[in-house]
Amino acid sequence: MQVAGVEFVETFLTLKDAAAPSTPAQLGLAEHLRAKGVIFYGAYWCTHCFRQKLLFGQQAGNRLPYVECAKDAAGAQACNAAGVMAYPTWVMGKERRVGVQTLQELAAWTQYKGPSNFTSAKTGL
């Protein structure tokens, strides 16, 4: 992209670049969320969504039940149909949580009973 004669290059960190490897607890919670039918709505440009994924670590962050709202018409339509007004938004049935949720909050909300020693070396972006 060029602005006022200056070339700007957009760079986006990926989970592979920024996140620590997932722990068994993070992987267990991600799989539990999928099994419970929880959906995480976000946007690729949303720094809070990226931070939310970072909390899960690299592998679990990529296993989240995630719907991208901003890249194509199908995603935008799914997010509109779900009434998503802010990112990140987590939906489970008729319940929703808006904003970055700690792993402990997600575990309590969804009644996760697996390992709960949620720690990660890299969480501060």
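**Aromatic rings in the fold**

Let's start with W90: its relative accessibility is 0%, so W90 counts as buried. Buried here means under 20% relative accessible area, while exposed means over 50% and partly exposed covers what's in between (1.4 Å probe, protein chains only). F40 is buried too, with a relative accessibility of 0%.

A quick word on the model: it is predicted, so local features need pLDDT of at least 70 and side-chain atom pairs count only at pLDDT 80 or more, while totals for chains, interfaces and linings use all residues. Residues are numbered from 1 along each chain as its sequence is written, and side-chain values use heavy atoms, leaving out hydrogens and water.

Now for the rings. Searching the whole structure turns up five aromatic pairs. One of them is F40 with W90, which is stacked because the ring centres are 4.5 Å apart and the planes sit at 15°. Since F40 is in strand β3 (residues 39–42) and W90 in strand β5 (residues 89–92), this pair ties together parts that are 50 residues apart in sequence. W45 and Y87 make an edge-to-face pair, because their centres are 5.6 Å apart and their planes meet at 80°. Rings of Phe, Tyr and Trp (its six-membered ring) pair if their centres lie within 6.5 Å; planes under 30 degrees apart are stacked, over 60 edge-to-face, and the rest tilted. Helices (H or I, at least four residues) and strands (E, at least two) are DSSP runs, numbered from the N terminus.

W45 is partly exposed at 48% relative accessibility, and Y87 is partly exposed at 27%.

Finally, F40, F56, Y66 and W90 form one aromatic cluster.
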